[in-house]
Amino acid sequence: MGSEVIVELQRNATDWANVVGEIVKIERKIFPKHESLARSFDEELRKKNSGLLYIEQNGEVAGYVMYSWPSSLCASITKLAVKENHRRQGHGEALLTAAIEKCKRRRVQRISLHVDPSRTAAMTLYKKLGFQVDSLVEGYYSVDRNAYRMYLDSESD
């Protein structure tokens, strides 16, 4: 394993186009077309109250997490992806933990996400970090593909 770092994508970053380009490639490879934000990624990232963290390893984007916080009441993890050749190295956990910390610093009370119940690695990761299943959302991804809505509540200080 080489050098790796979690980077927050800044709106005015000089490497914005390159990073977004790499993320779009990952997005297209991992997610089915109807679940992919590849076409609207740049637009999504420019929205107020949205953020993206990515892991850079040896000069390439190894994975990313996208999140938004419409209010201090709630935030959503909208995307989490790690390139296949970088999986099982702790990148997903590191990215998700960093996004949770960003949300907690904004005093967000609840973080939610949706996940396909058949994605066992993702389910295991979310549960490990304290997310709980809230409900089953039928037809969330497509007519025959459901999702669990999961949440993590911030501890009261």
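Okay, so lysine 79 is buried, and glutamate 27 is buried too; by buried I mean under 20% relative accessible area, with exposed over 50% and partly exposed in between, using a 1.4 Å probe and protein chains only. These two side chains meet in a salt bridge, 2.8 Å from N to O. The cut-off there is a side-chain nitrogen of Lys or Arg within 4 Å of a carboxyl oxygen of Asp or Glu. Lysine 79 is in strand β4 and glutamate 27 in helix α1 (residues 16-30), so this pair ties together parts that are 52 residues apart in sequence. Helices (H or I, at least four residues) and strands (E, at least two) are DSSP runs, numbered from the N terminus.

Quick word on what we're looking at. This is a predicted model, where local features need pLDDT of at least 70 and side-chain atom pairs count only at pLDDT 80 or more, while totals for chains, interfaces and linings use all residues. Residues are numbered from 1 along each chain as its sequence is written, and side-chain values use heavy atoms, with hydrogens and water left out.

Back to the charges. How many salt bridges does a search of the whole structure find? It finds 7. One of them joins glutamate 93 to lysine 128, with the closest N and O atoms 2.8 Å apart. Glutamate 93 sits in helix α3 and lysine 128 in helix α4, so here the tied parts are 35 residues apart in sequence. Glutamate 93 is partly exposed at 28% relative accessible area, and lysine 128 is exposed at 57%.

Then there's aspartate 153 with arginine 110, where the closest N and O atoms are 2.6 Å apart. That pair links strand β7 to strand β5, 43 residues apart. Aspartate 153 is partly exposed at 36%, and so is arginine 110 at 32%.

Those two strands also pair directly: β5 (residues 110-115) and β7 (residues 145-153) are antiparallel over 6 bridges. Pairing here takes at least two bridges found by DSSP between the strands. Leucine 113, for one, has methionine 150 of β7 as its bridge partner. Strand β6 (residues 132-142) is joined to β7 by 6 bridges, again antiparallel, with glutamine 132 partnered by tyrosine 151. A hairpin of 2 residues connects β6 to β7.

Now the rings. There are 3 aromatic pairs in the structure, a pair meaning rings of Phe, Tyr and Trp (its six-membered ring) with centres within 6.5 Å; planes under 30 degrees apart are stacked, over 60 edge-to-face, the rest tilted. Tyrosine 140 and tyrosine 141 have ring centres 4.9 Å apart and planes at 90 degrees, so they're edge-to-face. Tyrosine 140 is partly exposed at 39%, whereas tyrosine 141 is buried at 16%. Arginine 145 lies over the face of tyrosine 141, 4.5 Å from the ring centre. For that I need NZ of Lys or CZ of Arg within 6 Å of the ring centre and within 35 degrees of the ring normal.

Last, the inside. Which residues touch the most other members of the largest nonpolar core? Of its 26 residues, they're Ile77, Leu96, Ile111, Tyr126 and Phe131. A core is a set of buried Ala, Val, Leu, Ile, Met, Phe, Trp, Tyr and Cys residues joined through side-chain atoms within 4.5 Å. Helix α3 gives the largest share of this core, 5 residues. A second, separate core has 15 residues, including Trp16 and Phe31.
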